[in-house]
Structures are given as structure tokens and as C-alpha cells.
Amino acid sequence: MKEKGLLIVLSGPSGVGKGTVRKALFSQPDTKFEYSISMTTRKPREGEVDGVDYFFKERAEFERLIEQGKLLEYAEYVGNYYGTPVDYVRETLETGKDVFLEIEVQGAKQVREKFPDGLFIFLAPPSLSELESRITNRGTEDEQLIKNRMETARKEIELMNLYDYVVENDKIENACEKIKAIVVAEHCRTTRVAPIYKKILEAE
Ligand SMILES: Nc1nc2c(ncn2[C@@H]2O[C@H](COP(=O)(O)OP(=O)(O)O)[C@@H](O)[C@H]2O)c(=O)[nH]1
Ligand SMILES: Nc1ncnc2c1ncn2[C@@H]1O[C@H](COP(=O)(O)OP(=O)(O)O)[C@@H](O)[C@H]1O
């Protein structure tokens, strides 16, 4: 029987650099995992393409997908829904490929409940002040929103110990290298290679 792929979840506080690190990872030719494109009710930003960056949905349609159980997880984030299509994830894992999710922390918590064997990686900021300056420099939020984001970030950082690994996003390249190394190590875990071991002995 073919071994199933690994579900890799990258999460962490808003503004830590999840999207940036994910894009850097997927621009590297040696990245072998499949990115699961999320659904969202947020409007496309300039240059974003439906079916590439996100599947852009109307609110009513998204709510219908929730009711139909089509989402592995979903969360409401700054007034918009974001969610992971469950069929794509399950079907891709069945083919033996690894699937990569880049999602906020509420969603990651839901995935942990459904996929306890997944690989959960928390992307952490070098410090809270660095996090604040990244959110401020991104220029997408006003002052009050930044204050709220920082309050939320403190609580989110406390959830760090629910994850398997913590990767500090000091430099983008360092974070990418660490994530790739973690995935390689995870594939070599005794619990995962047990079927292969059996195969070796059977082939004797
Ligand atoms: N729960 C959940 N969060 C998601 C999903 N897709 C993206 N996100 C998160 O939603 C947040 C907002 O994403 P986006 O609107 O693209 O803006 P960003 O803040 O510039 O990355 C980020 O923290 C993403 O990690 C998803 O499918 N589920
Ligand atoms: N390692 C890093 N060093 C410095 N700035 C970074 C780093 N990673 C991300 N950033 C910057 O921080 C801001 C937030 O990154 P983003 O990927 O949007 O975060 P998230 O997806 O976690 O909300 C962006 O302006 C991005 O360019």
C-alpha cells in the first residue's frame, strides 16, 4: 500500500511572515510539497488571481460550503472568512504527496483535532517589537488595528507549545531551510517508516 503524504501546517501570529515564507518556499525548485489554495471571502488584491492565490467566494457561497462540510477548517479573520478545501487535502494526501497549509492559529487548532498526525510548525517573531514593526511597515492596518493585532499576537504566542516545532523567522532563507529540514526529519520518524521496514523484511 502506498504511504500517505504528510500534512504540514505553518501557522503563527499575524504579521510574522507566514505568507512571505510560504511564497519563498514555493519559489524554490526543490520544494516538493503541494500548496493547498485556500478559499476566502476577502476581495482579490491587485495582481491576485482566482484559483492561484485563493479561490475567491461570496459570503453566502462560503457559508454553504461550511454547511456542506467541504472545509477542513475555517476561521473569520478581520471580517472575512478563510478556509481549507477538505477534498483537495484528502485526495492529495492519498496520492502520497505532502500537503502544505499556511493558515492562522484558530484554523491550525481545528486541523490538529482532525489530523493529530500532521506536522505543526509555529513561525515565531524574533521579538514582539520586531513583530510590531513588521505589521506597521506592511502598511495594511491603521494604528488601532495594530494595537488589537499586538494584543492578539501575545495570546497567539502563548499557544506555541501546542505545536511540534517552532521556527524563528529572523531571516526568510533561514526559516525556509529549517522548515525543509523539519519535513525531511519528520519523514524519517520511526512511526512513519514502520511500513517501509516491514516491506524490506518481506522482500527478503
Ligand atoms: N484559517 C485559515 N487561515 C487562512 C487560510 N488561508 C489564509 N489564511 C490566513 O489568513 C490571514 C490573512 O491572509 P491574507 O488576507 O492573505 O492577508 P495577509 O495578512 O497579507 O497574509 C493570514 O494569517 C493567512 O495565514 C485558510 O484557509 N484558513
Ligand atoms: N524574515 C523577515 N524579515 C523582515 N521582514 C519580514 C520577514 N518576513 C516577513 N517580513 C515582512 O513582514 C510583513 C508581514 O509579513 P506577511 O508575510 O504578510 O505576514 P503574515 O502572512 O504572517 O501575516 C511583510 O511586510 C513582510 O515583507
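In this predicted model, Leu123 stands opposite Val167 in β9. The two strands behind that pair, β8 and β9, run parallel and are joined by four bridges. On another partner of β8, the pairing is again parallel: four bridges join β1 to β8, and here Ile8 stands opposite Leu119 in β8.

These strands belong to an open sheet of five strands, with parallel pairing and the order β2-β7-β1-β8-β9. Its edge strands are β2 (34–35) and β9 (165–168), each of which pairs on one side only. Strand β1 (residues 7–11) is also joined to β7 (residues 99–102), again by four bridges and in parallel. Within this pairing, Leu10 stands opposite Glu102 in β7. Helix α3 (residues 86–94) packs on the sheet and touches β1, β2 and β7. The direction of α3 makes about 150 degrees with that of β7.

Strand β8 deserves a separate look. Six of its six residues are buried, so β8 is largely enclosed by the rest of the structure. Leu119, Ile121 and Leu123 point one way from the strand, while Phe120, Phe122 and Ala124 point the other way. The residues on both faces are buried.

The next topic is the nonpolar core. The largest such core has 38 residues, and those with the most contacts inside it are Ile8, Val9, Ile121 and Leu123. Strand β8 (residues 119–124) provides the largest share of this core, six residues. With its neighbours within four places in sequence left aside, Val9 is in contact with Leu101, Ile103, Ala108, Val111, Gly118, Leu119, Phe120 and Ile121.

The pairing of β5 with β6 is antiparallel and extends over six bridges. In this pairing Glu73 stands opposite Thr84 in β6.

Ligand 1 is surrounded by 15 residues, and the closest are Ser38, Ala75, Tyr82, Ile103 and Gly107. The elements that give two or more residues to this shell are α1, β5 (71–77) and β6 (80–85). By type, the shell around ligand 1 divides into four nonpolar, six polar and five charged residues.

Around ligand 2 there are 13 residues, of which the closest are Gly17, Lys18, Gly19, Thr20 and Arg134. Helices α1 (18–26) and α5 (128–138) each supply at least two residues of this shell. The shell around ligand 2 divides into two nonpolar, seven polar and four charged residues.

Notes:
Residues are numbered from 1 along each chain as its sequence is written. Chains are lettered from A and ligands numbered from 1 in the order in which they are written. This is a predicted model: local features need pLDDT of at least 70, side-chain atom pairs count only at pLDDT 80 or more; totals for chains, interfaces and linings use all residues. Two strands pair if DSSP finds at least two bridges between them. Two residues are in contact if their C-beta atoms, placed from the backbone, lie within 7 Å. Axes are lines fitted to C-alpha atoms, for helices over the stretch in contact, and angles run from 0 to 180 degrees between N-to-C directions. A nonpolar core is a set of buried Ala, Val, Leu, Ile, Met, Phe, Trp, Tyr and Cys residues joined through C-beta atoms within 7 Å. A residue is buried if 20 or more other C-beta atoms lie within 10 Å of its own, exposed if 12 or fewer, and partly exposed in between; C-beta atoms are placed from the backbone. A residue is near a molecule or strand if its C-beta atom, placed from the backbone, lies within 6 Å of it. Ala, Val, Leu, Ile, Met, Phe, Trp, Tyr, Cys and Pro count as nonpolar, Asp, Glu, Lys and Arg as charged, and the others, Gly among them, as polar.
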